[in-house]
Each structure stands twice: as structure tokens, then as C-alpha cells.
Amino acid sequence: MSAAHLHALADAGASFILCYGHRAPVKSPGKQPIESDWQDKPHTLDEALAHLASGGNVGLLAGAWSNGLIALDLDARAQDFASTF
């Protein structure tokens, strides 16, 4: 997720989770949270930006922690989905 994405989501009330970077030697680099119990550990925009700048990845903590926001994880099909609007 880019810094611009993080700012837009934060403007909508989002909180974030901090994940290992894409080259980290873990089971799911880029997606694996760096903390246990991450579901109950929301991070602020400033924390997310600092983590991103240090090479980590950041995800959206959806639901109650983010004022009811939901997310669709489309990855490779994102362009096809976006073109339907």
C-alpha cells in the first residue's frame, strides 16, 4: 500500500496493521502481521507511514477499529474490477 493510499484511508477513519516487508524471511512476506493479536492492535497513520518508510508493508484493519470500513482484496484482478465502474 502506498503512502497516498494510507492518507486516503486515514481520512476515511481507518486504522492499520503493520506487516513484514515483501523480502522478509517469514511464511507470508508482505502480508504477515508483525505482532500477535494484531486484530486488536490498531496503528495510526503516522505509525503506518513510518513502518512503510522502513521497508515494511501496511494493511487496513477493517471493521470497528476503522469506523466500519470494509476492504476488497483484489490483487491481480483489481484493474478488471475498477473498469466496471
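In this predicted model, strand 1 (residues 15–19) runs antiparallel to strand 2, and the two are paired over five bridges. Strand 2 spans residues 57–61, and because five of its five residues are buried, the strand is largely enclosed by the rest of the structure. Both strands also contribute to the largest pocket, each supplying at least two residues of its lining.

**The strand pair**
- Within this pairing, Cys 19 has Asn 57 of strand 2 as its bridge partner.
- Ser 15 likewise has its place in strand 1, and it counts as buried because its relative accessibility, 14%, falls under the 20% cut-off.

**The surroundings of Ser 15**
- A polar atom of the Ser 15 side chain lies 2.9 Å from the backbone oxygen of Trp 65.
- When neighbours within four places in sequence are left aside, the residues in contact with Ser 15 include Gly 59, Leu 60 and Leu 61, and residues 57–61 make up strand 2.
- Pro 42, His 43, Trp 65 and Ser 66 are also among the contacts of Ser 15.

**The largest pocket**
- The largest pocket has a volume of about 540 Å³, and of the 18 residues that line it, Met 1, Leu 60, Ala 71, Leu 72 and Asp 73 are the closest to its centre.
- Strand 2 gives the most to this lining, with four residues.
- Sorted by class, the lining of the largest pocket consists of 12 nonpolar, three polar and three charged residues.
- Leu 60 links these topics, being one of the residues closest to the centre of the largest pocket and also a contact of Ser 15.

How values were computed: Residues are numbered from 1 along each chain as its sequence is written. This is a predicted model: local features need pLDDT of at least 70, side-chain atom pairs count only at pLDDT 80 or more; totals for chains, interfaces and linings use all residues. Side-chain values use heavy atoms; hydrogens and water are left out. Buried means under 20% relative accessible area, exposed over 50%, partly exposed in between (1.4 Å probe, protein chains only). Two strands pair if DSSP finds at least two bridges between them. On a 1 Å grid over the protein atoms alone, a cavity is a set of points where a 1.4 Å probe fits but cannot get out, and a pocket is an open set with protein on both sides within 12 Å along at least five of seven lines; lining residues have an atom within 4 Å of a point. Grid points are joined across faces, edges and corners, and a volume is the space filled by probe spheres set on the points. Ala, Val, Leu, Ile, Met, Phe, Trp, Tyr, Cys and Pro count as nonpolar, Asp, Glu, Lys and Arg as charged, and the others, Gly among them, as polar. A polar contact is a pair of N or O atoms within 3.5 Å; within protein, one must be able to donate a hydrogen and the other to accept it, and residues adjacent in sequence count only if both atoms are side-chain atoms. Contact means heavy atoms within 4.5 Å.
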